[in-house]
Amino acid sequence: MAKRAVPKWEQLAREMRSKIESGEYPRGSILPQIKELASERGWHHETVRQAYLALETEGLVTVRKGQGTIVSPILGKIMRNSTGRWAAAARTEGAARGAFAAEIARLGMTPRSEVAVGRTAAPPDRVADLLTLGPDEGAVTRDRVMFADDVPVQLAVSYYPASIADGTQLAEVDTGPGGSLSRLAELGYPVSEITEQVDVRQPTEAEAAGLSMPRDRPVIEIIRIGRTSEGRVIEVTLHTKPSNLWTLTYTWDIDPAAK
């Protein structure tokens, strides 16, 4: 059987991948511009663009406005264990301030969040439809830009009924070890069930700016819904993540009663 002819873009992707992994192109370094590299090799610029897109999909490079294509400060993707991360032992490991901080630290990176706490009388419709709010109650909000080794990797905004969160640590910048789920449990509202709705879309202008990414690259949107054992929705969080930096994993028992 004849060997498959390897396309030029794939050859280039292999070459660049090797140089990145060997450190010849260190993290944060700027790769040659597409047009320049295409001209140097006598190729069509689309060939180089395909190679760069393949590396971007793998999480090895990223595009920064005003800089071009750079080697990602985070090589490869951040693996988000979307089931195990919510266990109390996982989100409090090393006195972490929640699941995100614990998983980033577990990967050998330094987590950090810029937090703005506020209150809104009119949450977005999809949030208001989920939360059980009293007349004129409103919601406490926690708006975060979240970093791994000073690279913005996630935007998140959480909403809680004001009647529960007002005057508590949920309304402070630092929610303490274990994050919001631990504080809700202490307040008598333990979250016993979480639903995540996942979508892929283009970022808004503000989201692209907050994540230092171009608007023509997709983001993963996760709407996380936390319920008590009585079925009350007590927390709604909207996550926005660059798709080239994250992989989501989900694991569950098909028939746990049979075990």
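Helices (H or I, at least four residues) and strands (E, at least two) are DSSP runs, numbered from the N terminus. The views below show a predicted model, in which local features need pLDDT of at least 70, side-chain atom pairs count only at pLDDT 80 or more, and totals for chains, interfaces and linings use all residues. Residues are numbered from 1 along each chain as its sequence is written, and side-chain values use heavy atoms, with hydrogens and water left out.

View 1. Glu 186 is exposed, with a relative accessible area of 60%, whereas Arg 183 is buried at 9%. In these terms, buried means under 20% relative accessible area, exposed over 50%, and partly exposed in between (1.4 Å probe, protein chains only).

View 2. Lys 19 counts as partly exposed, at 22% relative accessibility. Glu 15 also counts as partly exposed, at 26% relative accessibility.

**View 3. Arg 126 and Glu 221 form a salt bridge.** Their closest N and O atoms are 3.2 Å apart. This pair links distant parts of the chain, 95 residues apart: Arg 126 is in helix α6 (residues 125-128) and Glu 221 in strand β8 (residues 219-227). Arg 126 is partly exposed, with a relative accessible area of 38%, while Glu 221 is buried, with a relative accessible area of 9%. A search of the whole structure finds 20 salt bridges.

**View 4. Helices α2 and α3 pack against each other.** Helix α2 (residues 34-41) and helix α3 (residues 45-57) have axes 8 Å apart and meet at an angle of about 125°. Therefore α2 is oblique to α3. Axes are lines fitted to C-alpha atoms, for helices over the stretch in contact, and angles run from 0 to 180 degrees between N-to-C directions. Angles under 35 degrees count as roughly parallel, over 145 as roughly antiparallel, 65 to 115 as roughly perpendicular and the rest as oblique.

**View 5. Val 198, Tyr 250, Trp 252 and Ile 254 make a nonpolar surface patch.** The patch covers about 490 Å². Tyr 250 is found in the segment after β10 (246-249), and counts as partly exposed at 33% relative accessibility. Patches are made of residues with over 30% relative accessible area and no salt bridge: like charges are joined within 9 Å, nonpolar side chains (Val, Leu, Ile, Met, Phe, Trp, Tyr) within 5 Å. Accessible areas come from the Shrake-Rupley method with a 1.4 Å probe; for residues, only the protein chains shown count as cover.

**View 6. Asp 136 has a positive phi value, in a residue other than glycine.** Its phi is near 60°. Asp 136 lies in the loop between α6 and β5 (139-148), and at 84% relative accessibility Asp 136 counts as exposed.

How values were computed. A salt bridge is a side-chain nitrogen of Lys or Arg within 4 Å of a carboxyl oxygen of Asp or Glu.
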